[in-house]
Amino acid sequence: MFKEISFREIKENLVQMIADEWMLVTAGTKEKGYNMMTASWGFAGELWGSDSMITVIRPNRYTMEFVNDNDYFTLSFYGDNKAIHKICGSQSGRDINKTEATGLTPVFDGDATYFEEARIVVVLKKQYVQQMEEKCFTDSDPLRWYNNDMHYTVVGKVEKVLIKE
């Protein structure tokens with residue numbers, strides 16, 4: 001069972017959650033289908049007058065297709081359960097049914113999809129998507145992470161935060 005709280009009521013360190021715990025990025029609906037992927041890069045704060053989160057997704061990831069085709073996406077956290085991330089971070093939803101492979105239970109909440117097993121879910125309305133460009137880097141060090149596959153930056157306005165009771 002989840003309880004809704006405001007984004008600013010999250011007591012934990014979001015930077016630590018993203019970097020160390022990791023998260024699932026999920027987009028899509030029951031009717032049109034959905035996919036999820038593991039991410040460990042992202043940001044949280046205020047942007048354009050709203051509580052917001054940003055994640056980055058490589059263009060070849062199947063989840064990016066669902067992000068592009070939908071107005072909402074979710075970021076969900078599972079504590080130290082890395083088994084979920086082992087599958088969702090290394091397998092493509094084009095090749096396997098990640099929901100079956102992980103044993104996760106989907107929750108369809110309007111145009112947002114998340115999973116019952118999450119301990120924290122952030123529902124976001126997509127506001128901005130743009131692929132990074134090499135010419136925009138003012139420091140070349142981050143380019144070591146790329147081989148012609150620059151991430152898309154995906155900005156979402158926080159619509160709802162759910163915590164496991």
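Here are some notes on this structure, point by point.

1. Before you start: this is a predicted model, in which local features need pLDDT of at least 70 and side-chain atom pairs count only at pLDDT 80 or more, while totals for chains, interfaces and linings use all residues. Residues are numbered from 1 along each chain as its sequence is written, and side-chain values use heavy atoms, with hydrogens and water left out.

2. Start with helix α1, residues 14-21. Helices here are DSSP runs of H or I with at least four residues, strands are runs of E with at least two, and both are numbered from the N terminus. Buried means under 20% relative accessible area, exposed means over 50%, and partly exposed is in between (1.4 Å probe, protein chains only). In α1 the buried residues are L14, M17, I18 and E21. They sit on the same side of α1, because they cover an arc of only 115 degrees around the axis; that arc is taken from the directions from the helix axis to the C-beta atoms.

3. Now look at the two ends of α1. N13 caps the N-terminal end, with a side-chain oxygen 2.9 Å from the backbone nitrogen of V15. Just after the helix, W22 has a positive phi of about 75 degrees. K82 lies over the face of W22, 3.7 Å from the ring centre. A charge counts as over a ring if NZ of Lys or CZ of Arg is within 6 Å of the ring centre and within 35 degrees of the ring normal.

4. Which residues does T38 touch? Leaving out residues up to four places away in sequence, they are W22, M23, L24, R61, I84, H85, C88 and G89, where contact means heavy atoms within 4.5 Å. T38 belongs to strand β3, residues 33-39, and is buried at 13% relative accessibility. Its side chain makes a polar contact of 2.9 Å with the side chain of H85 and reaches the backbone nitrogen of G89 at 3.4 Å. A polar contact is a pair of N or O atoms within 3.5 Å; within protein, one must be able to donate a hydrogen and the other to accept it, and residues adjacent in sequence count only if both atoms are side-chain atoms.

5. G33 is also found in β3, and is partly exposed at 23%. With residues up to four places away in sequence set aside, G33 touches A27, G28 and F66. Its C-alpha atom is 9.7 Å from that of T113, 80 residues apart along the chain.

6. How many aromatic pairs does the whole structure hold? The search finds 7. Rings of Phe, Tyr and Trp (its six-membered ring) pair if their centres lie within 6.5 Å; planes under 30 degrees apart are stacked, over 60 edge-to-face, and the rest tilted. W48 and Y128 are edge-to-face, because their planes are at 65 degrees, with the centres 6.1 Å apart. W48 lies in the loop between β4 (42-47) and β5 (50-57) and Y128 in strand β9 (residues 120-131), so this pair ties together parts 80 residues apart in sequence. W48 is exposed at 54%, whereas Y128 is partly exposed at 35%.

7. Y62 and F66 are another edge-to-face pair, 4.9 Å centre to centre with 85 degrees between the planes. They are about one helical turn apart, because they are 4 residues apart in helix α2 (residues 62-69). Y62 is partly exposed at 23%, but F66 is buried at 12%. Elsewhere, ring pairs link Y34, F108 and F115 into a cluster.
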